[in-house]
Amino acid sequence: MKKIKLLAVISLITAVSYAGGYRVALQGQKSLAMGHAGVAVVNSSELVFFNPAGLVYLENKLNISVGVSGVFSNVSYQNESTGASAMTNSATGTPLYLYASYKATDWLALGVGVYTPFGSGVSYEDDWAGSHLVNNIDLQAIYIQPTVSVKVNENFSFGGGFIFVNGSVGFNRNLNRTLTDLEGNRSEVTLDAPSVSATGWTLSAMFNITEQLRVGTTYRSEIIMEARDGDATFENVPNSPLTPFPSATTFNADLPLPAEWTVGLSYEFCDKWLFAFDFNNTYWDVYESLDIDFADPNVPDSVNSRNYNTSATYRFGLQYDATEMFTLRTGYYFDESPVQSGLFSPETPRNDSSGYTAGFTFNVGQRFEIDASFLYLHFKEVNESYDAYYENGQSVPFAGKYKSNAFIPGLGITYKM
Amino acid sequence: MKNYIKILIAIAAVGFVSCEADFENAVTDEGFYSSGTANFSNYVALGNSLTSGYADGGLYITGQNNSYPNIMAGQFALVGGGEFTQPLMSDNIGGLLLGGVQITSNRFVLGVDANGNPGPVRLEGTPTTDVLTSAPGPYNNMGVVGAKSFHLSAPGYGNAAGILSGAANPYYARIATSASSTVLEDALSLDATFFSLWIGNNDVLSYATSGGSGVDQTGNLDLSTYGSNDITDPNVFGAVYSAQVAALVAGGAKGVLINIPDVSSIPYFTTVPGPAIPLDAATASAVNAQFAAYNTQILPGLAGLGIITPEEADSRIVSFSAGQNYPIITDNDLTDMSGILQGQPFNLPPATAGLLGQLRQANSGDLTLLTAASVLGSTPDPSNPQLVVGVSIPVSNEYILTSSEQSKIATATAAYNVTINALASANDLAIWDSNSAFDVISSIGVPYDGGVLTAAFVTGGAFSLDGVHGSPRGYAYIANSVIDAINSKYDATIPKVAIGDYGTVQVTNNGG
């Protein structure tokens with residue numbers, strides 16, 4: 001019975017993009033409550049993600065953390081010169097994580113993590129003003145990461161792991177701004193790549209400079225999701241040799257999951273307080289263009305310029321051990337958008353954002369902890385355009401004002417033995 | 001523990017109720033755009049086929065959805081505009097049935113023939129819209145296909161019993177509230193707060209599209225003597241138009257008037273080139289030899305007898321040369337010589353005399369109609385390939401709009417437009433000068449975000465495949481232009497649509 005429930009929950013995984021690009025930073029409730037800072041914080045097996053090197057410093061032999069977040073994200077669009085407006089109607093995403101670590105010896109810890117650091121789920125009303133760019137997109141990627149952590153001495157450890165990724169992409173857009181069948185239904189294409197696998201790795205180190213001050217760094221490699229022979233379906237195409245789209249063909253496309261480098265520190269003070277700071281650099285510059293290569297020679301390949309920039313995130317967190325029962329946390333982060341002005345696509349409509357976080361841990365006996373977090377992600381209104389859409393060789397910008405936000409409550413359980 | 005979960009759920013619930021990403025100033029907020037001094041809560045559009053959304057030689061659902069009044073109503077919705085109803089057809093085929101019998105043709109689509117050449121073809125299929133079973137109006141869109149100015153005020157114009165005799169209009173009969181109602185009365189019954197009126201096009205257009213087959217009725221005030229292809233007397237137009245405007249403004253409604261474009265700015269008259277007949281030198285001289293007697297004996301002879309003027313004789317000389325040539329045509333305005341040519345001294349057989357009766361070669365002042373494309377160069381007598389339309393058989397009058405016919409149209413159009421302008425001023429109404437706008441489209445075009453909108457047939461984007469009515473993009477341009485006129489007259493700030501979001505011609509092959 002429990003297994004069935006777990007399967008049902010996993011099948012609901014819809015990671016919804018709410019950070020720069022389609023990065024989804026929800027990899028642990030304790031860290032998330034502190035602005036998702038954790039590269040130098042040693043308090044749970046969330047370290048499998050944040051810094052494997054730190055696992056070996058955990059007090060307990062066995063550490064397990066599981067959690068889930070509910071992502072309620074919203075995007076509004078309007079064009080003030082035409083009066084057109086749209087709102088996304090995106091399903092609630094429920095990204096999960098599961099981490100476990102086991103201290104085999106005093107100097108070696110082994111671990112495994114399952115998490116969803118990338119994803120996107122954006123759904124506009126069909127045939128909205130930007131439907132020639134996207135009607136809806138659903139991108140998912142599950143990382144599975146076996147991990148080792150090695151203590152060199154009390155001041156220095158390193159760690160790392162292999163990453164196996166399985167992902168899927170679903171995408172629908174109209175073929176252009178005007179083409180319809182005889183009944184006026186807009187011609188559209190649906191892309192579906194249900195299972196794409198790839199591998200990567202992560203390496204990290206931790207330095208305990210004093211009893212109070214730790215410094216950590218983690219690098220996670222770039223992973224290219226190579227969708228091969230995905231299904232492309234064309235619908236509502238008029239019956240004419242002038243529009244020779246087959247009802248179905250296959251496609252190839254590469255979608256990069258960029259590398260991320262993190263460096264940060266944590267500092268304990270006044271006994272019960274801990275301050276954490278993380279700096280992330282996400283190497284989004286790998287995402288130059290989304291090129292869809294259709295197998296059918298009658299279907300022109302789709303080239304969609306992205307030219308993302310490498311982007312930084314600054315994370316600040318504070319933890320307070322209030323009572324035996326409660327640990328309180330709060331945090332803030334500033335997330336730089338990788339999207340360049342003029343290439344702002346409604347498929348990932350993300351400008352710079354500020355994340356405000358809070359949460360607590362409730363100790364249930366010696367072994368169980370309940371971790372809760374809440375993230376409010378705030379985007380300023382932005383006037384932007386996507387200029388790399390062409391008709392007859394002429395750039396046809398899709399411009400307007402965007403406003404996004406996200407509300408993300410999360411709940412997790414930590415088990416220690 | 002349970003309490004904490006409850007609190008968490010409560011906090012979450014509060015968050016999600018109000019979690020939409022709202023703009024500081026949303027376009028959907030009241031007051032973002034201004035209706036100025038006008039009130040768009042109940043908009044009624046009055047007019048002819050152009051107002052109904054007619055396109056591609058038919059009235060059909062997607063065309064109606066892209067009618068300029070419907071596009072405008074969509075924008076009016078941002079400034080307090082209410083529902084805008086249209087008498088939607090039952091399908092996208094476009095033809096009309098009367099008691100199950102098809103009485104109007106299906107629409108055109110852009111097909112591709114066996115050789116890969118694209119061109120307009122009639123869509124195959126049986127239409128399903130029956131005049132007798134359609135839901136009666138009135139509708140906010142009271143554009144009636146084929147209506148002339150005086151038809152809007154004509155009782156019985158929607159009497160289904162009069163359709164086959166031509167006394168009534170099937171498109172109005174579909175939606176008329178009674179057999180004796182008028183289009184204007186039905187429109188007035190809606191108590192519009194805002195109206196648009198674009199009528200008078202057909203008062204010259206049916207004359208033009210028939211190649212000037214009708215009569216210029218200027219000077220004749222008796223409507224009962226008018227034929228369907230006649231030019232309406234400008235005083236008749238003035239009288240009915242001013243009565244219509246007076247009725248529309250009587251309840252305090254504001255509105256916009258639209259004047260009449262020149263027919264010469266639409267592709268129906270500008271697509272087929274004048275010199276449409278290609279000949280090599282040998283064929284040209286052979287054909288010229290056929291006309292030698294006509295050029296050198298008959299014409300000077302008739303001029304000598306005083307039957308035609310020397311100028312007419314000159315204008316009727318036929319001369320082909322290597323390259324592209326103007327076709328020979330029948331011009332109803334020429335002196336009919338067919339009777340004389342059968343007598344002394346010419347003694348021509350009746351067939352030949354008839355052929356030469358009102359013959360001349362077309363020239364740069366004539367406009368060749370779109371419908372001539374399938375006729376020019378054809379050989380209607382399969383047993384005699386020497387008989388070629390435009391070379392040895394004159395193109396009949398209905399395919400050519402001569403310069404004298406054009407000037408009759410231009411004179412009437414200008415007179416109508418003086419009336420429309422004067423009534424707009426007198427009633428303090430907005431006016432859109434479609435005449436100038438159509439000139440711009442047909443001469444230099446209108447740039448938009450995806451190219452330039454022009455009057456070029458099929459490729460220009462402004463006109464549908466009938467060469468007369470707008471494409472969705474053309475109607476969107478009209479809607480934007482009318483909105484401009486409304487905004488400036490009434491200090492409103494109604495936003496305009498992106499015309500690149502509207503299509504042009506529908507590609508579809510029959511069968512398959």
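Here is a chat about how the parts of this predicted model touch each other.

Residues count from 1 along each chain as its sequence is written, with chains lettered from A and ligands numbered from 1 in the order written. In this predicted model, local features need pLDDT of at least 70 and side-chain atom pairs pLDDT 80 or more, while totals for chains, interfaces and linings use all residues; side-chain values use heavy atoms, without hydrogens and water.

Colleague: What separates the centres of domain 1 and domain 2 of chain B?
Modeller: The bounds come from an automatic or database domain assignment. Domain 1 of chain B covers 43-270 + 404-501, and domain 2 covers 277-363 + 367-400. Taken over C-alpha atoms, the gap between their centres is 38 Å.

Colleague: How many residues of domain 2 of chain B are in contact with domain 1 of chain B?
Modeller: Contact means heavy atoms within 4.5 Å. Domain 1 of chain B brings 16 residues, and domain 2 of chain B brings nine.

Colleague: Which side chains meet in a salt bridge between those two domains?
Modeller: A salt bridge here is a side-chain nitrogen of Lys or Arg within 4 Å of a carboxyl oxygen of Asp or Glu. The count between domain 1 and domain 2 of chain B is one. At 3.9 Å, N to O, the pair is Asp333(B) and Lys408(B).

Colleague: Which helix gives the largest share of the side of domain 1 of chain B that touches domain 2 of chain B?
Modeller: Helices (H or I, at least four residues) and strands (E, at least two) are DSSP runs, numbered from the N terminus. H7 (202-209), H9 (267-270) and H15 (403-426) of chain B each supply at least two residues of that side. The largest share, four residues, comes from H15(B).

Colleague: And between the chains, what area is buried between chain B and chain A?
Modeller: Buried area is the accessible area (1.4 Å probe) that two parts lose on being put together, summed over both. The contact takes 46 residues from chain B and 43 from chain A. Carbon and sulfur atoms give 61% of the buried area, which comes to about 3400 Å².

Colleague: Which residue of chain B meets Arg177(A) in a salt bridge?
Modeller: The rule finds two salt bridges across the interface of chain B and chain A. In one of them, at 3.4 Å (N to O), the side chain of Arg177(A) meets that of Asp501(B).

Colleague: Which element gives the largest share of the side of chain B that touches chain A?
Modeller: Helix H1 (2-17) and strand E4 (108-112) of chain B each supply at least two residues there. The largest share, four residues, comes from H1(B).
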